[in-house]
Amino acid sequence: MVEEFTEDELRLTTMDLWFEEKLEPPVGTTFRVLVNKTIERFRSEYQEIAVLETEKLGKMLILDGVIMLSEFDEFAYHEMIVHVPLLTHPNPKKVLVIGGGDGGSIREIVKHKTIEEVHLCEIDPAVVEVSKKHLPTLSSGFYDPRVKVFYEDGAQFVKNKKNEYDIIIVDSTDPVGAAVVLFEEPFYRDMYNALKFDGIVVSQCESIYYHQILIKRMLEFISNIFELTGYYYSLVPTYPSGTIGFAFCSKKYHPLKDLDESRISELGKLRYYNPQIHKASFCLPAFIKEMLPAHLLHINNDLEI
Ligand code: SPD
(Lines give C-alpha, C1' and ligand atoms only; values in the text may rest on other atoms or scores of the structure.)
Protein backbone atom coordinates (compact mmCIF):
# COMPACT_ATOMS: atom_id res chain seq x y z
CA MET A 1 0.00 0.00 0.00
CA VAL A 2 2.52 2.59 -1.09
CA GLU A 3 1.26 4.67 -3.99
CA GLU A 4 -1.47 7.25 -3.40
CA PHE A 5 -3.49 8.63 -6.33
CA THR A 6 -4.04 12.32 -7.06
CA GLU A 7 -7.41 14.03 -6.65
CA ASP A 8 -7.73 14.19 -10.45
CA GLU A 9 -7.13 10.46 -10.86
CA LEU A 10 -9.66 9.66 -8.18
CA ARG A 11 -12.24 12.03 -9.65
CA LEU A 12 -12.13 10.00 -12.85
CA THR A 13 -13.68 7.10 -11.00
CA THR A 14 -16.15 8.90 -8.82
CA MET A 15 -18.75 9.81 -11.47
CA ASP A 16 -18.70 6.90 -13.84
CA LEU A 17 -16.13 4.50 -15.14
CA TRP A 18 -15.18 2.87 -18.37
CA PHE A 19 -12.95 -0.14 -18.07
CA GLU A 20 -11.09 -1.15 -21.13
CA GLU A 21 -9.71 -4.62 -20.69
CA LYS A 22 -7.08 -5.55 -23.21
CA LEU A 23 -7.64 -8.99 -24.66
CA GLU A 24 -5.84 -10.72 -27.53
CA PRO A 25 -4.74 -7.79 -29.74
CA PRO A 26 -6.42 -5.99 -31.40
CA VAL A 27 -9.51 -6.69 -29.30
CA GLY A 28 -10.43 -4.82 -26.15
CA THR A 29 -13.69 -4.74 -24.28
CA THR A 30 -15.30 -1.79 -22.56
CA PHE A 31 -17.59 -1.98 -19.59
CA ARG A 32 -19.40 1.02 -18.15
CA VAL A 33 -20.69 1.28 -14.64
CA LEU A 34 -21.77 4.22 -12.49
CA VAL A 35 -19.42 4.46 -9.53
CA ASN A 36 -20.76 6.03 -6.34
CA LYS A 37 -17.52 5.88 -4.44
CA THR A 38 -13.92 4.76 -4.79
CA ILE A 39 -13.50 2.90 -1.53
CA GLU A 40 -9.83 1.97 -2.01
CA ARG A 41 -7.30 2.52 -4.75
CA PHE A 42 -3.61 1.88 -4.15
CA ARG A 43 -0.63 -0.01 -5.48
CA SER A 44 0.47 -3.06 -3.53
CA GLU A 45 3.82 -4.77 -4.03
CA TYR A 46 2.29 -6.74 -6.93
CA GLN A 47 -0.52 -4.73 -8.54
CA GLU A 48 -2.93 -1.80 -8.48
CA ILE A 49 -5.91 -2.70 -6.30
CA ALA A 50 -9.24 -0.86 -6.41
CA VAL A 51 -12.53 -1.46 -4.60
CA LEU A 52 -15.45 0.54 -6.00
CA GLU A 53 -18.98 1.02 -4.73
CA THR A 54 -21.17 1.02 -7.84
CA GLU A 55 -24.76 2.01 -8.44
CA LYS A 56 -26.10 -1.28 -9.80
CA LEU A 57 -23.45 -3.96 -9.37
CA GLY A 58 -22.62 -3.63 -5.68
CA LYS A 59 -18.92 -3.46 -4.80
CA MET A 60 -16.34 -4.38 -7.40
CA LEU A 61 -12.74 -5.55 -7.00
CA ILE A 62 -10.41 -4.43 -9.79
CA LEU A 63 -6.79 -5.61 -10.09
CA ASP A 64 -4.53 -3.80 -12.54
CA GLY A 65 -7.60 -2.40 -14.31
CA VAL A 66 -9.19 -5.84 -14.81
CA ILE A 67 -12.51 -6.74 -13.19
CA MET A 68 -12.01 -9.58 -10.72
CA LEU A 69 -15.53 -9.61 -9.37
CA SER A 70 -18.69 -7.68 -8.72
CA GLU A 71 -21.11 -8.50 -5.91
CA PHE A 72 -23.76 -8.62 -8.64
CA ASP A 73 -22.58 -11.83 -10.34
CA GLU A 74 -19.60 -13.30 -8.41
CA PHE A 75 -21.75 -16.23 -7.25
CA ALA A 76 -21.94 -17.54 -10.83
CA TYR A 77 -18.13 -17.83 -10.88
CA HIS A 78 -17.40 -19.03 -7.34
CA GLU A 79 -20.21 -21.58 -7.09
CA MET A 80 -19.15 -23.13 -10.38
CA ILE A 81 -15.38 -23.22 -9.79
CA VAL A 82 -16.00 -24.92 -6.41
CA HIS A 83 -19.13 -27.09 -6.39
CA VAL A 84 -18.52 -28.84 -9.72
CA PRO A 85 -15.30 -30.54 -8.47
CA LEU A 86 -16.35 -30.84 -4.82
CA LEU A 87 -19.59 -32.65 -5.64
CA THR A 88 -17.79 -34.87 -8.17
CA HIS A 89 -15.22 -36.09 -5.62
CA PRO A 90 -16.94 -38.57 -3.23
CA ASN A 91 -15.14 -37.40 -0.09
CA PRO A 92 -13.15 -34.16 -0.45
CA LYS A 93 -11.28 -33.49 2.79
CA LYS A 94 -8.32 -31.33 1.91
CA VAL A 95 -8.50 -28.58 -0.72
CA LEU A 96 -5.92 -26.08 -1.97
CA VAL A 97 -6.91 -22.79 -3.62
CA ILE A 98 -4.22 -21.03 -5.64
CA GLY A 99 -5.01 -17.29 -5.94
CA GLY A 100 -8.53 -16.43 -4.85
CA GLY A 101 -7.42 -13.87 -2.24
CA ASP A 102 -10.86 -12.27 -2.26
CA GLY A 103 -12.16 -15.39 -0.45
CA GLY A 104 -15.11 -16.16 -2.74
CA SER A 105 -13.90 -19.72 -3.45
CA ILE A 106 -13.11 -20.35 0.23
CA ARG A 107 -16.62 -19.21 1.18
CA GLU A 108 -18.09 -21.91 -1.07
CA ILE A 109 -15.62 -24.66 -0.05
CA VAL A 110 -16.31 -24.37 3.68
CA LYS A 111 -20.00 -25.07 3.04
CA HIS A 112 -19.03 -28.72 2.42
CA LYS A 113 -19.29 -30.87 5.54
CA THR A 114 -16.61 -33.34 4.37
CA ILE A 115 -13.94 -30.61 4.38
CA GLU A 116 -11.32 -30.87 7.11
CA GLU A 117 -8.62 -28.49 5.82
CA VAL A 118 -8.47 -25.70 3.25
CA HIS A 119 -5.19 -24.08 2.20
CA LEU A 120 -5.24 -20.82 0.27
CA CYS A 121 -2.02 -19.75 -1.43
CA GLU A 122 -2.24 -16.11 -2.52
CA ILE A 123 0.79 -14.11 -3.67
CA ASP A 124 -0.54 -10.71 -2.55
CA PRO A 125 -1.52 -10.21 1.13
CA ALA A 126 -3.11 -6.87 0.21
CA VAL A 127 -5.90 -8.63 -1.72
CA VAL A 128 -6.89 -10.63 1.36
CA GLU A 129 -6.68 -7.52 3.59
CA VAL A 130 -8.85 -5.46 1.25
CA SER A 131 -11.43 -8.20 0.95
CA LYS A 132 -11.62 -8.71 4.72
CA LYS A 133 -12.07 -4.96 5.13
CA HIS A 134 -14.53 -4.17 2.33
CA LEU A 135 -16.02 -7.39 0.92
CA PRO A 136 -17.44 -9.25 3.93
CA THR A 137 -19.86 -11.28 1.83
CA LEU A 138 -16.85 -12.81 0.03
CA SER A 139 -14.30 -13.01 2.83
CA SER A 140 -16.45 -14.66 5.54
CA GLY A 141 -14.76 -18.05 4.94
CA PHE A 142 -11.36 -16.75 6.11
CA TYR A 143 -12.66 -16.96 9.69
CA ASP A 144 -13.47 -20.67 9.42
CA PRO A 145 -10.97 -22.61 11.60
CA ARG A 146 -10.35 -25.14 8.80
CA VAL A 147 -8.80 -22.42 6.60
CA LYS A 148 -5.06 -21.63 6.53
CA VAL A 149 -3.63 -18.86 4.33
CA PHE A 150 -0.12 -18.88 2.81
CA TYR A 151 1.31 -15.77 1.15
CA GLU A 152 3.53 -17.37 -1.46
CA ASP A 153 3.92 -17.84 -5.18
CA GLY A 154 1.39 -20.55 -6.10
CA ALA A 155 3.64 -22.29 -8.63
CA GLN A 156 6.47 -22.59 -6.09
CA PHE A 157 4.06 -23.68 -3.36
CA VAL A 158 2.76 -26.75 -5.26
CA LYS A 159 6.28 -27.83 -6.28
CA ASN A 160 6.93 -28.88 -2.67
CA LYS A 161 3.67 -30.78 -2.19
CA LYS A 162 3.25 -34.48 -2.91
CA ASN A 163 0.15 -36.65 -2.65
CA GLU A 164 -1.52 -34.17 -0.31
CA TYR A 165 -4.74 -32.67 -1.73
CA ASP A 166 -8.07 -34.10 -2.85
CA ILE A 167 -8.81 -31.02 -4.93
CA ILE A 168 -6.84 -28.01 -6.19
CA ILE A 169 -8.71 -24.94 -7.44
CA VAL A 170 -6.79 -22.38 -9.49
CA ASP A 171 -8.74 -19.15 -8.96
CA SER A 172 -6.29 -16.98 -10.86
CA THR A 173 -6.21 -13.63 -12.59
CA ASP A 174 -5.64 -13.57 -16.36
CA PRO A 175 -2.31 -14.90 -17.74
CA VAL A 176 -0.38 -11.67 -17.25
CA GLY A 177 2.72 -11.01 -15.13
CA ALA A 178 3.10 -13.31 -12.11
CA ALA A 179 0.07 -15.38 -13.20
CA VAL A 180 1.57 -16.50 -16.55
CA VAL A 181 3.16 -19.60 -14.98
CA LEU A 182 -0.27 -20.73 -13.77
CA PHE A 183 -1.26 -21.35 -17.39
CA GLU A 184 1.82 -23.48 -18.22
CA GLU A 185 2.53 -27.21 -18.37
CA PRO A 186 5.13 -27.49 -15.52
CA PHE A 187 2.58 -26.06 -13.06
CA TYR A 188 0.02 -28.70 -14.08
CA ARG A 189 2.61 -31.47 -13.66
CA ASP A 190 3.38 -30.18 -10.18
CA MET A 191 -0.33 -30.00 -9.32
CA TYR A 192 -0.76 -33.60 -10.56
CA ASN A 193 1.93 -34.68 -8.09
CA ALA A 194 0.45 -32.57 -5.29
CA LEU A 195 -2.87 -34.40 -5.63
CA LYS A 196 -3.78 -37.71 -4.02
CA PHE A 197 -4.24 -40.73 -6.33
CA ASP A 198 -7.84 -39.73 -7.11
CA GLY A 199 -7.53 -35.93 -7.04
CA ILE A 200 -9.07 -33.23 -9.21
CA VAL A 201 -7.82 -29.84 -10.46
CA VAL A 202 -10.21 -27.17 -11.69
CA SER A 203 -8.69 -24.00 -13.09
CA GLN A 204 -9.94 -20.65 -14.38
CA CYS A 205 -9.61 -21.04 -18.15
CA GLU A 206 -10.93 -17.84 -19.72
CA SER A 207 -13.49 -17.18 -22.48
CA ILE A 208 -14.57 -19.50 -25.27
CA TYR A 209 -14.99 -16.38 -27.45
CA TYR A 210 -11.73 -14.54 -26.82
CA HIS A 211 -9.20 -17.13 -25.67
CA GLN A 212 -9.54 -20.10 -28.02
CA ILE A 213 -5.79 -20.39 -28.67
CA LEU A 214 -5.05 -20.43 -24.95
CA ILE A 215 -7.81 -22.96 -24.20
CA LYS A 216 -6.64 -25.32 -26.96
CA ARG A 217 -2.98 -25.08 -25.93
CA MET A 218 -3.85 -25.75 -22.29
CA LEU A 219 -6.16 -28.68 -22.95
CA GLU A 220 -3.45 -30.22 -25.16
CA PHE A 221 -0.91 -30.40 -22.37
CA ILE A 222 -3.49 -31.09 -19.64
CA SER A 223 -4.77 -34.13 -21.55
CA ASN A 224 -1.20 -35.48 -21.66
CA ILE A 225 -0.97 -35.27 -17.87
CA PHE A 226 -4.44 -36.12 -16.48
CA GLU A 227 -6.51 -39.25 -17.12
CA LEU A 228 -9.74 -37.30 -17.71
CA THR A 229 -10.03 -33.79 -19.10
CA GLY A 230 -12.85 -31.46 -20.08
CA TYR A 231 -14.02 -27.88 -20.24
CA TYR A 232 -17.11 -26.25 -18.77
CA TYR A 233 -18.28 -22.68 -18.39
CA SER A 234 -20.44 -20.25 -16.47
CA LEU A 235 -22.26 -17.03 -17.36
CA VAL A 236 -20.72 -14.02 -15.62
CA PRO A 237 -21.82 -10.76 -17.29
CA THR A 238 -19.11 -8.53 -15.84
CA TYR A 239 -16.34 -10.62 -17.44
CA PRO A 240 -15.40 -9.99 -21.11
CA SER A 241 -17.91 -11.79 -23.39
CA GLY A 242 -20.10 -12.59 -20.38
CA THR A 243 -18.73 -16.10 -20.01
CA ILE A 244 -15.78 -17.66 -18.25
CA GLY A 245 -14.68 -21.28 -18.46
CA PHE A 246 -12.83 -23.82 -16.38
CA ALA A 247 -10.53 -26.72 -17.21
CA PHE A 248 -11.60 -29.91 -15.40
CA CYS A 249 -8.56 -32.19 -14.85
CA SER A 250 -9.13 -35.45 -13.02
CA LYS A 251 -7.17 -38.57 -12.11
CA LYS A 252 -10.25 -40.70 -11.57
CA TYR A 253 -13.65 -39.10 -11.01
CA HIS A 254 -15.92 -38.01 -13.84
CA PRO A 255 -18.12 -34.93 -13.27
CA LEU A 256 -21.01 -36.36 -15.29
CA LYS A 257 -20.87 -39.93 -13.95
CA ASP A 258 -19.74 -39.39 -10.35
CA LEU A 259 -21.78 -36.32 -9.36
CA ASP A 260 -23.19 -36.89 -5.84
CA GLU A 261 -26.45 -34.93 -5.86
CA SER A 262 -27.35 -36.09 -2.34
CA ARG A 263 -24.79 -33.69 -0.79
CA ILE A 264 -26.23 -30.53 -2.41
CA SER A 265 -28.72 -30.07 0.43
CA GLU A 266 -25.88 -29.50 2.93
CA LEU A 267 -24.69 -26.42 0.97
CA GLY A 268 -27.66 -24.20 1.81
CA LYS A 269 -29.29 -21.94 -0.75
CA LEU A 270 -27.20 -21.50 -3.90
CA ARG A 271 -27.85 -18.90 -6.58
CA TYR A 272 -26.34 -20.40 -9.75
CA TYR A 273 -25.29 -24.02 -9.19
CA ASN A 274 -27.76 -26.88 -9.43
CA PRO A 275 -27.35 -30.44 -10.75
CA GLN A 276 -28.80 -29.52 -14.14
CA ILE A 277 -26.39 -26.61 -14.66
CA HIS A 278 -23.52 -28.85 -13.42
CA LYS A 279 -24.13 -31.21 -16.35
CA ALA A 280 -25.25 -28.59 -18.89
CA SER A 281 -22.14 -26.49 -18.32
CA PHE A 282 -20.13 -29.22 -20.10
CA CYS A 283 -22.27 -28.82 -23.27
CA LEU A 284 -20.07 -26.90 -25.66
CA PRO A 285 -21.17 -24.82 -28.67
CA ALA A 286 -20.44 -26.30 -32.11
CA PHE A 287 -17.65 -23.83 -32.92
CA ILE A 288 -15.72 -24.86 -29.80
CA LYS A 289 -16.18 -28.60 -30.43
CA GLU A 290 -14.88 -28.03 -33.94
CA MET A 291 -11.84 -26.14 -32.65
CA LEU A 292 -10.96 -28.66 -29.91
CA PRO A 293 -10.09 -32.19 -31.06
CA ALA A 294 -12.26 -34.87 -29.41
CA HIS A 295 -9.34 -36.46 -27.51
CA LEU A 296 -8.94 -33.25 -25.46
CA LEU A 297 -12.50 -33.48 -24.18
CA HIS A 298 -12.97 -36.96 -22.69
CA ILE A 299 -15.57 -35.63 -20.31
CA ASN A 300 -17.64 -33.48 -22.67
CA ASN A 301 -17.83 -36.35 -25.15
CA ASP A 302 -19.57 -38.51 -22.56
CA LEU A 303 -22.42 -36.05 -22.23
CA GLU A 304 -25.88 -37.56 -22.41
CA ILE A 305 -28.67 -35.31 -21.23
N1 SPD B 1 -10.82 -11.71 -16.69
C2 SPD B 1 -10.80 -11.82 -15.25
C3 SPD B 1 -10.81 -13.23 -14.78
C4 SPD B 1 -10.70 -13.27 -13.30
C5 SPD B 1 -10.91 -14.61 -12.75
N6 SPD B 1 -10.61 -14.69 -11.34
C7 SPD B 1 -11.40 -13.89 -10.52
C8 SPD B 1 -11.09 -14.08 -9.08
C9 SPD B 1 -12.31 -14.15 -8.27
N10 SPD B 1 -12.10 -14.91 -7.11
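The model is predicted, with local features requiring pLDDT of at least 70 and side-chain atom pairs counted only at pLDDT 80 or more, whereas totals for chains, interfaces and linings use all residues. Residues are numbered from 1 along each chain as its sequence is written, and side-chain values use heavy atoms, hydrogens and water being left out.

The domain assignment divides the protein into domain 1 (3–70) and domain 2 (74–302), such bounds coming from an automatic or database assignment. The centres of the two domains, taken over C-alpha atoms, are separated by 25 Å. Contact (heavy atoms within 4.5 Å) involves 23 residues of domain 1 and 23 residues of domain 2. Between them the domains bury about 2000 Å², of which 67% lies on carbon and sulfur atoms; buried area here is the accessible area (1.4 Å probe) that two parts lose on being put together, summed over both.

Between domain 1 and domain 2 the count is 1 salt bridge, a term that requires a side-chain nitrogen of Lys or Arg within 4 Å of a carboxyl oxygen of Asp or Glu. The side chains of Lys133 and Glu40 form a salt bridge at 3.2 Å, N to O. On the side of domain 1 that touches domain 2, the elements giving two or more residues are strand E2 (28–43), strand E3 (48–54), strand E4 (59–63) and strand E5 (66–70), strands being DSSP runs (E, at least two residues) and helices likewise (H or I, at least four), numbered from the N terminus.

Aromatic pairs number 11, where rings of Phe, Tyr and Trp (its six-membered ring) pair if their centres lie within 6.5 Å, and planes under 30 degrees apart count as stacked, over 60 as edge-to-face and the rest as tilted. The ring centres of Tyr77 and Tyr239 are 5.7 Å apart with planes at 85°, so this pair is edge-to-face.
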